[in-house]
There are 2 protein chains.
Amino acid sequence: MVRKTKEDAALTRQRIIAAARAVFLTRGVSHTTLEHIAAQAGVTRGAVYWHFKNKTEIFHVMRDHVFLPLIDRMDDTLTLEDGDDALTQIEKSMCETIHELNENIEMRQIYEIMMIKCEYVGEFATVLQQILDNCSNITGKFELAYARAKDQNILSSTHTPLALALDTHLFFSGLLHMWVKDADGSRFRFQATELIKLHINLRRK
Amino acid sequence: MVRKTKEDAALTRQRIIAAARAVFLTRGVSHTTLEHIAAQAGVTRGAVYWHFKNKTEIFHVMRDHVFLPLIDRMDDTLTLEDGDDALTQIEKSMCETIHELNENIEMRQIYEIMMIKCEYVGEFATVLQQILDNCSNITGKFELAYARAKDQNILSSTHTPLALALDTHLFFSGLLHMWVKDADGSRFRFQATELIKLHINLRRK
DNA sequence: TTATATACAAACAAGAATGTATGTATATAG
DNA sequence: CTATATACATACATTCTTGTTTGTATATAA
């Protein structure tokens, strides 16, 4: 039996991506073979090569599928006009990401793959640039939010919004890295939200 | 000509390690072949296999050679009894690490390899545990320093030393990651020291 | 209904990479 | 001075991995 229907094919494609995620996680991207992925997906390499050019393409599709929406959501939380004050918005944007990592296995695994199961070399060097660009974007949003906080007169410190934004961004980067590395959850995961609130409280008047 | 003197052999060994570092940096650990390393060192795989069991061993030796001393030095700065107040000690310990990264090419490259050119899978999973342990250690030292700062009455916030220590550690982790990723230096490297001072000033009364 | 493009499986060819085994010239110990 | 261990280079066998090619049953378009 071959030549499935279009829906079947789309499903196969999805299963290959999911299989890749599982194998990347346990073996690392570099040591993952297309044969590994195919076997995990219950197909042969023929199917994999039909749907994707190579391993790199699978990686990028897998990443974009989950990552791009996340960035958008963080943006939204930071810029949306609801009742919260600016500091609360910053706090929420970070807490939401952590919450997402806790609830969404797919996202958690992709984060883990990207942080400690992938080597940013050759074709993957561009991904690094994307990460840096995204960081600049987030920092920019933080800065705007801190500027609003300053206007709202809820800041305890006299530092510039940019300075505060950079510090917050570095804190959050560190938190995400540690969150991922702390697989058993005993060090950071269980108190991630509290650490965020603490970080924000440090700046609240 | 074979069978060099003992000094020659030790030199060969060192050159293999240096070669591995260079190749790891450009190709990533996984995609690095012992042939690559040997060629870069100007020897054959025979020499490599004589000095080391395999690629993993080279990696560990390379890492320990530079990494363990760094950890000790950071410890020292944080616990040493000189004239500085506790907050200045924390600041200095971080600035010194950054300074070391700026000046010491070897260390900078190894940091880069460990952060974005290595997959923590299989045999390398233990390294991840070591990193976590080291983080706990650093956080502990920060906590003690913040406790001293509290005694010295130079803290602006009323948070616990542990909370402050965790926040600082996450900040520093994020900074190191960004420092490494920011290869052209336009985003973080040029202002790393200022970011550290800013972070500390946030807590100084 | 038939022709064709689709969605794979299976087979093939070629190159890497690893580990080991063997060879060998020479420091060095005795 | 000689025997041996050392410090490699070279050769070999084996296993992976990749990319491509070929085969084929069947949706689907016409």
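Me: How many salt bridges are there over all chains?
Reply: A search of the whole structure, which is a predicted model, finds 16.

Me: Which residue forms one with Asp75(A)?
Reply: Lys141(A) does, and the closest N and O atoms are 3.1 Å apart. Asp75(A) sits in helix α4 of chain A and Lys141(A) in helix α7 of chain A, so the bridge ties together parts 66 residues apart in sequence.

Me: Are those two buried or exposed?
Reply: Asp75(A) and Lys141(A) are both buried.

Me: How do the axes of α4(A) and α7(A) cross?
Reply: They come within 10 Å of each other, and the crossing is at roughly 10°. That angle makes α4(A) roughly parallel to α7(A).

Me: Which residues meet there?
Reply: From α4(A) they include Phe59(A), Ile71(A), Met74(A) and Asp75(A). On the α7(A) side, Val127(A), Ile131(A), Lys141(A) and Phe142(A) are among them. The residues of this contact divide into nine nonpolar, six polar and four charged.

Me: Back to salt bridges. What does Arg204(A) meet?
Reply: Its side chain meets that of Asp85(A), at 3.4 Å from N to O. This pair links distant parts of the chain, with Arg204(A) in the segment after α9 of chain A and Asp85(A) in the loop between α4 and α5, 119 residues apart.

Me: Buried or partly exposed, that Arg204(A)?
Reply: Arg204(A) is partly exposed, with a relative accessible area of 27%. Asp85(A) also counts as partly exposed, at 25%.

Me: And in chain B, what does Arg203(B) pair with?
Reply: Arg203(B) forms a salt bridge with Asp167(B), 2.6 Å from N to O. Arg203(B) is in the segment after α9 of chain B and Asp167(B) is in helix α8 of chain B, 36 residues apart. Both residues are buried.

Me: New topic: α9 in chain A. Which residues are buried there?
Reply: Ala192(A), Leu195(A), Ile196(A), Leu198(A), His199(A) and Ile200(A) are.

Me: What do they pack against?
Reply: In chain A, the buried residues of α9(A) pack against α5, α7 and α8; in chain B, they pack against α8.

Me: How much area do chain B and chain A bury between them?
Reply: About 3,900 Å², with 68% of it on carbon and sulfur atoms. In residues, 44 of chain B are in contact with 44 of chain A.

Me: How many salt bridges cross that interface?
Reply: The rule finds two. Arg187(B) and Asp133(A) meet in a salt bridge, with N to O at 3.0 Å.

Technical notes. Residues are numbered from 1 along each chain as its sequence is written. Chains are lettered from A and ligands numbered from 1 in the order in which they are written. This is a predicted model: local features need pLDDT of at least 70, side-chain atom pairs count only at pLDDT 80 or more; totals for chains, interfaces and linings use all residues. Side-chain values use heavy atoms; hydrogens and water are left out. Buried means under 20% relative accessible area, exposed over 50%, partly exposed in between (1.4 Å probe, protein chains only). Helices (H or I, at least four residues) and strands (E, at least two) are DSSP runs, numbered from the N terminus. Contact means heavy atoms within 4.5 Å. Axes are lines fitted to C-alpha atoms, for helices over the stretch in contact, and angles run from 0 to 180 degrees between N-to-C directions. Angles under 35 degrees count as roughly parallel, over 145 as roughly antiparallel, 65 to 115 as roughly perpendicular and the rest as oblique. Ala, Val, Leu, Ile, Met, Phe, Trp, Tyr, Cys and Pro count as nonpolar, Asp, Glu, Lys and Arg as charged, and the others, Gly among them, as polar. Buried area is the accessible area (1.4 Å probe) that two parts lose on being put together, summed over both. A salt bridge is a side-chain nitrogen of Lys or Arg within 4 Å of a carboxyl oxygen of Asp or Glu.
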